[in-house]
Each structure stands twice: as C-alpha cells, then as structure tokens.
Amino acid sequence: MELQETLEEGYVEILDHLRKRSLWMLHYCTACGAIELPPTITSRFDAERFGIAPFVTSRQSDILLVTGYINIKTLRRLITVYEQMLPPKYVIGFGSCTINGGIYWDSYAIVKRLDLYLPVDVYIAGCMPTPMAVLEGFRTLMKLIDEGKANGWKKYQENYEYYKENQRKVLKW
Amino acid sequence: MVEEIKRVVIGEVVEKRPQRVIVKVEKENFASTLNALKALSFNRLNLLTAIDFIKENQFEIVALVYSDEKKVMSIVKARIPRDNPEIETLIHIYPNAFKYEVELGEMFGIRVIGNPDSMKPFVLEGWGDLPPLRKDFDSIKYATEHYESRNVEVKYD
C-alpha cells in the first residue's frame, strides 16, 4: 500500500513536471486586457517558447486567463466556462481590476475581487500589465505547478459551497 | 440645409456650427421629426440616448442622425417628464434603434412603446435597484454594499 502511494505521488510529480511545459490558454477575452495578448503570443515576445499556446475551446484548455474587469453578466459566463474545463485547470487574474476593482472600484456592475468567485492561482498586477509582466506571470504559474502548489482547482472542489454562495450573492441565482 | 430642415420640422432649429444642426422639438413630435429628417437624406442613426435633468424633473431624449449625402449631423432633442417616462419607438424608422431603446429602458427606466424588448434585462441581469444612469442612483453606495472589496492598507514610502 505504501509503495503504491509513493508511486502515485511520484507519478503526479512527473506529470506536473511535464505539464508545466505544455499549457494551453483559453482565448476568453473579457475586457481591455485582451489587447496585450497578441504581442505576447506573436513573434516579438513569443509565449510559445514556454509551451503556452492560445486555444479556443474550454474543454481542451488548462489556463483561464481573466483579462480585466468582470461585470455581473460576464461573471455568469466565466463560471460556466470554468466549470466546463477539465482538471487540472488554473486561473490567472490579469490586471488590477481582478485584484481590487481597479479604476472600476465604484462601478455598479463590476465585481471587485475575482478570488471570491473563482480560485485564482496567480495574479498579474498592473493596468495594463505589459507582455513581459504576462510572461513573468506564466513563469510563476509554471514554477507553482512544478512545485505542486497550484491547487486552485482542488480548492474549488473542496470549498464548492463557499464559492457557490459568493456567486449566488452577486448573480442572484 | 438649415432652411430645408426648418421647412419640415415643428420646433426650434439652430445651426450651432457648420454641419451641426440642433433641433429641439416637443415629445409628441419626436418620432415624426425623425421620420421627416430621414426623408431629407438623414439615413444614419448614430446615437439614441437620454440625459437626466434631475433639477428640472425631466429627461432629455437625444438622437444623433447623420446624412451621408450632405455630410451634416443633426441633433434632435425632446424633453419628457421624469415621472413614469415613456417615448414612442423608432424601430420602424431606424431599425438600429432597437438596442438603444432597450438600453434606455435598462439604464434610465424609460419605457419605449412599441419595442417588444423594452424593460427586459440585457446587460444587468437580475437588477433590482434604481436604473443606474439616473442621477439619484448612488453608484459608490451600491458598489460597496453589493461587491466585497479587498481590505488592504497601502503604504507609501
């Protein structure tokens, strides 16, 4: 039994090590932050040298990059998209709007903190974050995956009721 | 162009500067004015919105129409009372007024007679408060009550 557990742990470690070099990022551009992605992905900064490629369907993606502010209409779709993704899945909050509301702190429609509704693994601060900052965020996520610390999707499963309650408060489901 | 507009419009016509004509009409004549302007080659509705004059207890409905042929923008304005506001639909004149009218209902609470989607939620799903673009709606209060903020003290060196 112990041997099997050790083998399983080792297997997960190897998988994590391999997985960090092949992350597919969902093209779900919620807000103005999406404008930083074309230079990040294309030839000048070339995120694909880290194994990060944009992808169009949620079921085959690993990263949900939330680019910018989330209003209540977007949040509902974002949660649907996140729940469609297969684990392991990672969420990156992009820009200061996802951290504390940013310049939309007094808006009637913008939720201020993303981590109340979805488990965020890495935040990229800035308004706007430059492509270098985005790549730095990706590198941080890769490091966390390698160390086995990017467990946001497990947290979402374990604290499902907590997240659902927060979502219900805002969306009035 | 101003003379031509004056001939078909019941209301005040001012040429503010070249290619900008302001037309102020009564609310009953709003749709018919736009209909007449469309016949005068104003083929494009650029904007339909409202302005909240809370001290005068009135909304001002503003429509921007543009003529591709004459290169003139005409700004049509009409005042309606702020209590139980209603306007007539423009979708039979300018079909792209449809979403603008839905927005009027959602953001100002102005009912549009003749628009099937008027007062239905479009952007603000599950909204149960005052329409947010009215002047008496307190956005900061609403945001602090409904959306939790991060309590972090920022220290500057």
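This is a predicted model: local features need pLDDT of at least 70, side-chain atom pairs count only at pLDDT 80 or more; totals for chains, interfaces and linings use all residues.

Me: What radius of gyration does chain B have, next to that of a compact globule of 157 residues?
Reply: By the rule, a compact globule of 157 residues would come out near 15 Å. The C-alpha trace of chain B spans about 60 × 45 × 30 Å along its principal axes. Its radius of gyration is 19 Å.

Me: How much of chain B counts as buried?
Reply: To count as buried, a residue needs 20 or more other C-beta atoms within 10 Å of its own. Of the 157 residues in chain B, the share that passes is 24%.

Me: What share of the chain B contacts between residues at least 6 apart joins residues at least 24 apart?
Reply: Two residues are in contact if their C-beta atoms lie within 7 Å. Take the chain B contacts between residues at least 6 apart in sequence; the share joining residues at least 24 apart is 49%.

Me: Which element gives the most to the side of chain A that touches chain B?
Reply: The contact draws 17 residues from chain A and 14 residues from chain B. On the chain A side, the elements giving two or more residues are α3 (72–84), α4 (96–100) and α7 (160–171). The top giver, with 3 residues, is α3(A).

Note on methods: Residues are numbered from 1 along each chain as its sequence is written. Chains are lettered from A and ligands numbered from 1 in the order in which they are written. The radius of gyration is taken over C-alpha atoms; the globule rule is 2.2 Å times the number of residues to the power 0.38. A residue is buried if 20 or more other C-beta atoms lie within 10 Å of its own, exposed if 12 or fewer, and partly exposed in between; C-beta atoms are placed from the backbone. Helices (H or I, at least four residues) and strands (E, at least two) are DSSP runs, numbered from the N terminus.
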